[in-house]
Amino acid sequence: MSEADDAPLEEGPGQQAAQRAAKSQTAFRTISEVAEELGVAQHVLRFWESRFPQVRPLKRGGGRRYYRPEDVEVLRQIRALLYDEGYTIKGAQKHLRGRKIRPGAGEEPAGPTPRVTVHPSPAARGLAGESRRRLAGLREELAELRDLLGQAR
């Protein structure tokens, strides 16, 4: 065998994805890893952070975000509420608030958790899943643009 046979191969996109998949369930994730895992853009995750206090990633030098497994689970729930079930941002906030989700708390709240019933918006009730997801994405983008315009004034 030659030395060239022992040399490590250059990493390609497939190998990088395999390494991420091999990451421990308790490992912290970067924003790009979480965005890829959930199938949303990074700016959407940053927007959700501003709207859902349950999501608090660690921020390191240069503002780099590292998501705990608990954060990823809450983000997965937020995505399902907004994209799959057609909740509005406010509706999803109420739903999560009613469930008392707090990443990093380490334990369940004592006593029964009050149930909050939040229904999808009337416009979203009659839509199929894919249409509902597209509209939810557009709604989020419009809300983000509205916020940016408000900050610019």
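Student: What volume does the second largest pocket have?

Tutor: On a 1 Å grid over the protein atoms alone, a pocket is an open set of points with protein on both sides within 12 Å along at least five of seven lines. Its volume is the space filled by probe spheres set on the points, which are joined across faces, edges and corners. Here, the second largest pocket has a volume of about 150 Å³. Keep in mind that this is a predicted model, where local features need pLDDT of at least 70 and side-chain atom pairs count only at pLDDT 80 or more, while totals for chains, interfaces and linings use all residues. Residues are numbered from 1 along each chain as its sequence is written, and side-chain values use heavy atoms, with hydrogens and water left out.

Student: Which residues line the second largest pocket?

Tutor: Lining residues have an atom within 4 Å of a point. For this pocket they are His43, Arg46, Phe47, Ser50, Arg51, Glu144, Asp147, Leu148 and Gln151. Helices are DSSP runs (H or I, at least four residues), numbered from the N terminus. Both α4 (42-51) and α8 (129-152) supply at least two lining residues each, and α4 gives the most, with five. As for classes, Ala, Val, Leu, Ile, Met, Phe, Trp, Tyr, Cys and Pro count as nonpolar, Asp, Glu, Lys and Arg as charged, and the others, Gly among them, as polar. The lining divides into two nonpolar, three polar and four charged residues.

Student: At what angle do α3 and α4 pack?

Tutor: Axes are lines fitted to C-alpha atoms, for helices over the stretch in contact, and angles run from 0 to 180 degrees between N-to-C directions. Helix α3 (residues 31-38) packs on α4 at about 100 degrees, with the axes 9 Å apart. That makes α3 roughly perpendicular (65 to 115 degrees) to α4. Contact means heavy atoms within 4.5 Å; Ile31, Ser32, Val34, Ala35 and Leu38 of α3 make it with Gln42, Leu45 and Arg46 of α4.

Student: Which residues of α4 meet α5?

Tutor: Val44, Leu45 and Trp48 do, against Leu75, Ile78, Arg79, Leu82 and Tyr83 in α5. By class, this contact has seven nonpolar, no polar and one charged residues.

Student: How do the axes of α5 and α6 cross?

Tutor: The axes of α5 (residues 69-84) and α6 (residues 89-99) come within 10 Å and cross at roughly 135 degrees.

Methods:
On a 1 Å grid over the protein atoms alone, a cavity is a set of points where a 1.4 Å probe fits but cannot get out, and a pocket is an open set with protein on both sides within 12 Å along at least five of seven lines; lining residues have an atom within 4 Å of a point. Angles under 35 degrees count as roughly parallel, over 145 as roughly antiparallel, 65 to 115 as roughly perpendicular and the rest as oblique.
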